[in-house]
Amino acid sequence: MFRRTKVSAAVVTALGGLLALGAAPSHGQQTLDRVEITGSSIKRIAAEGALPVQIVTSAQIQRSGATTVAEVIQRLPAMQGFQIADIAAGSNSGGIVTASIHDIGASYTLVLLNGRRIAPTGSGATINLNSIPMSAIDRVEVLTDGASALYGSDAIAGVVNFILKKNLQGGSFDAAINVPTEGAGKSGNVSFTYGVGDLYKDRFNFLFSVRHDEQQVLKATDREFSKSAYLPFTKEGKQYVYDRTSVFAVPANASVTFKRLPGETTTLPSYAFNPYRKQTGACGPMNFYSLNNATTATSVTENCAFDFGSTVEVYPENKRDTMFLAGQFQATENLKFFSEFAYSRFDLTARIAANPVPVSIPLTSDYYRNSVLPYLTPAQAARVNTVTANYRAQDFGTRDSQTVTDAKHFVIGADAEIGGWSTNAGLTWSENALNENYVGGYFRDKEFRALLAANAFDPFKLSGNQTPAVQSLMNGSIFNGSVRTQSTTLTGADFRASRELFRLPAGPLSIGLGGDFRNYHYKQTPSAAALAGEIYNYSPYTAYDLERDSHGVFAEVLVPIVKNLEVTGAFRYDTTKAVKDALKNRTVGDDMSASTYKVSGRYQASQNLLFRGSFGTGFKAPSMLDIAQPLVPNGVTASAYDCPFPGTEFCKPGKLQYTQLAGGNEKLVPEKSKNWTAGLRFEPTANFGMGIDYWRVEISDAVSAVSANQAFADPNKYRSLFTTFKQPAEPQAYWTFISSSTNIGKAINSGVDWDFISRHKTPVGQLTLSIAGTYLIESSYTRPGTDSDFTDSMGKYGENAAVSFRNIYRATAILDSGKFSNSLTVNYRSGYEDQNQLVRDLATNTNVRLRLDVPDYYTLDWQGIYRPNKSVELRAGVKNLLNKAPHLSLRDSSGHQVGYDPRYNDPLMRTVYVAASYKF
């Protein structure tokens, strides 16, 4: 018969539950029923598990003050290497947020909803946490060990399983508002949850939960640390400037290339300069004389550079709506039917600097005669080949993109007890779809060219001086509409069963069996307007219609060897079919099959001491685009580079960003892994507990690609990765970097997860002290494009444009005093060496390379709770109580923000929040 699951907080601790978020646990003895725990298919008492599972409950989530699912997950010490919403400012991510266990990667971390897969974003396995209905979460189980032997592909790093509320009676209303004390960036949410029917009395239950969130924009100029891309700073008493400004400026820079006259064997160096500066002696407002200007044998640059950093957003505005419906019906004592439907809509608008566009200047135009020709020597004027205005379209407004992401997830299934077997089967349909719209700053090709042809405005003049008539024409030229839609649909079926087969002298031998089938369908469609070339200097997204099936079977057995010692073995066999490309009517790649296994054990040395360990193998199938993507435009390089082949006709003048192409590889094979864990739990008294778990993951056949930094550092070695490409508005083709995947990478990650908790009775109430953290021992990987040249990002900004932090921990003190409760939480992240960056030494007026030492980063949070009765709970708190500002960083990746790294800091700074809950 199905019974309500009861798991005591002491058991949560025994499983390695991360209590740094949590309320004071209860110590009362409770009946422990058999349930399925993340990481095993065998229903059993939770306390018997051999794998490290960290558990966060809904009460702990409330106490943390977290406002999003991503904040809940990404603040766990075991999480590193995830994606944040902030980088939507400067990318087409749409605000995707992810989970990544132990710095291994989001694509290696399997995210489940009630134990089942949900549709990923894109063609791979990465899950957008925005699709999880936060108001319906009962708890989160984080398995910090590889689990491919049970779940199949993508579980190399571990599993994050969101368990939603079930069999709820009554309702609750919740509301909260968050206000940064530095101004801007306010947010708030309101939710309602209601359940009717008791499954164990009425034989049915229906649950409904809905929530609405809003986040206001935080602009770069709202914070001192992010207000500019031109950054003076001091290191060891010396003055430097980091210049990340852009040579797409207003007034525009002129870029001139030259041709050879008959009989000549050499070409004049290209010449880039700012006509406005030539005329006035100074760069225009919001511009600096570029510190990257230089004179070489092939180019002369005298550019002014635009401070785009002052016009971007630190945190984009967004709205989120989520809904969850669940129903259960107890048909008989041994048969229960269930269904669930989750829906979310995430609406994000990201604004970045005005459009940087190349404008081809005809040699017969007034633009050329008035703003370019007067500053050329006679020799140059006689040999002009092309002239391009590198123009920042400030009068047209910032580039605004709105991405609306809809996630739908539907499951129907049944639990049954049949002949001693506990069985579960379900059908899943899940979809993640987005619509990307341009809603400002991008202009229509025909209208923009007409403005240029009519001399309506001059790109070499100051912005902000247009007549009302011209400004009206500019406003009318703005493109508003969709540029692409994208969807990933998962259709699947699964079945699993477990039972005790027979009893051995040390206890029952149990077995679990199961299998699943999944179909993934990835589709991307560029809009008709994008394909028709209606947007100036815009290369449309590539259309895709890709599909593939995968299926697998598994078996798991639990064997009690002797008293207090048990071993669990699991085996799984999977097949991932080749990719079907409907648009090209062909099949790409080969069928892939893999077998994985896992052996784990636990030994209860005494009532207070538990040892556990495991060894297993894993695999990850390449994404469909990794296999089937043709060579397509993929934006521009993150950094600016000198020409890879100086003196050739495809060079850009000076140091600039180059176009990047990306492509798949149909010969890719699955990535493989080996996982080890070993740990212990020690709880000598009911008031003290500790745990430590060592883990190690080795990945081979990792999909990797040569980075742009590598290729431009040694272009002759990587000559095959360079081609030429012409953007729609560029006057000619330029060198272009090709990023293509291959199966030669390796990675090794290892570390220790640890936690301590103690409880003390004081005259003013119960005091609970807890601390939990992750110590990273190794996080190395082969350089992209190699299979034995290892490097790492441990305590430094590495070649993967990220940092692996040696130490992350959270420490919490909670004082419960009757109706009142107070908590203080310290969040700590160790320091690191910043990116090796080119800066200007003001003492010598030369460019030099250096690394900043980014200090340790910590914040202090406080929350107070008042419960006047059983129905009402009032919460007030302060996140980042000490108003800690982000540390200076010179990184040039992961979003357009400059001066700090948004992945590792809190740009909102001190935030005061109030929240209330009413239960009925």
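This is a predicted model: local features need pLDDT of at least 70, side-chain atom pairs count only at pLDDT 80 or more; totals for chains, interfaces and linings use all residues.
1. Thr-782 stands opposite Phe-790 in strand β42 (residues 790-792). Three bridges join β41 to β42, and the two strands run antiparallel. Strands here are DSSP runs of E with at least two residues, and helices are runs of H or I with at least four, numbered from the N terminus. Two strands are taken as paired if DSSP finds at least two bridges between them.

2. Residues are numbered from 1 along each chain as its sequence is written, and side-chain values use heavy atoms, with hydrogens and water left out.

3. With strand β40 (residues 742-762) it is joined by 16 bridges in the antiparallel sense, and the two form a hairpin with two residues between them. Val-752 has Tyr-775 of β41 as its bridge partner. Tyr-775 in turn stands opposite Asn-807 in β43. Ten bridges join β41 to strand β43 (residues 807-817), again antiparallel. As background, strands of a sheet pair through backbone hydrogen bonds, either parallel or antiparallel.

4. The loop between β42 and β43 holds Ala-801. Ala-801 has a positive phi of about 60 degrees although it is not a glycine. Its relative accessible area is 23%, so Ala-801 counts as partly exposed. The classes are buried under 20% relative accessible area, exposed over 50%, and partly exposed in between (1.4 Å probe, protein chains only).

5. Arg-203 is found in the loop between β9 and β10, and is partly exposed because its relative accessible area is 40%. For context, most residues other than glycine have a negative phi, and most peptide bonds are trans.

6. The peptide bond from Val-250 to Pro-251 is cis, with omega near 0 degrees. Pro-251 is found in the loop between β13 and β14 (253-258).

7. An open sheet of four strands has the order β12-β13-β46-β47, with antiparallel pairing. Its edge strands, each pairing on one side only, are β12 (230-235) and β47 (846-850). Neighbouring strands of this sheet are turned by 40 degrees against each other on average, direction ignored; axes are lines fitted to C-alpha atoms, for helices over the stretch in contact, and angles run from 0 to 180 degrees between N-to-C directions. Six bridges link β12 to strand β13 (residues 238-243) in the antiparallel sense. Thr-234 has Gln-239 as its bridge partner in β13.

8. A nonpolar patch on the surface has about 1000 Å² of accessible area together, with Phe-173, Phe-192, Phe-206, Phe-337 and Tyr-918 among its residues. Patches consist of residues with over 30% relative accessible area and no salt bridge, like charges being joined within 9 Å and nonpolar side chains (Val, Leu, Ile, Met, Phe, Trp, Tyr) within 5 Å. A salt bridge is a side-chain nitrogen of Lys or Arg within 4 Å of a carboxyl oxygen of Asp or Glu. Accessible areas come from the Shrake-Rupley method with a 1.4 Å probe; for residues, only the protein chains shown count as cover.

9. The elements giving two or more residues to the nonpolar patch are β9 (187-196) and β10 (204-215). The largest share, four residues, comes from β9. Tyr-918 lies in strand β51 (residues 911-919) and, at 41% relative accessibility, counts as partly exposed.
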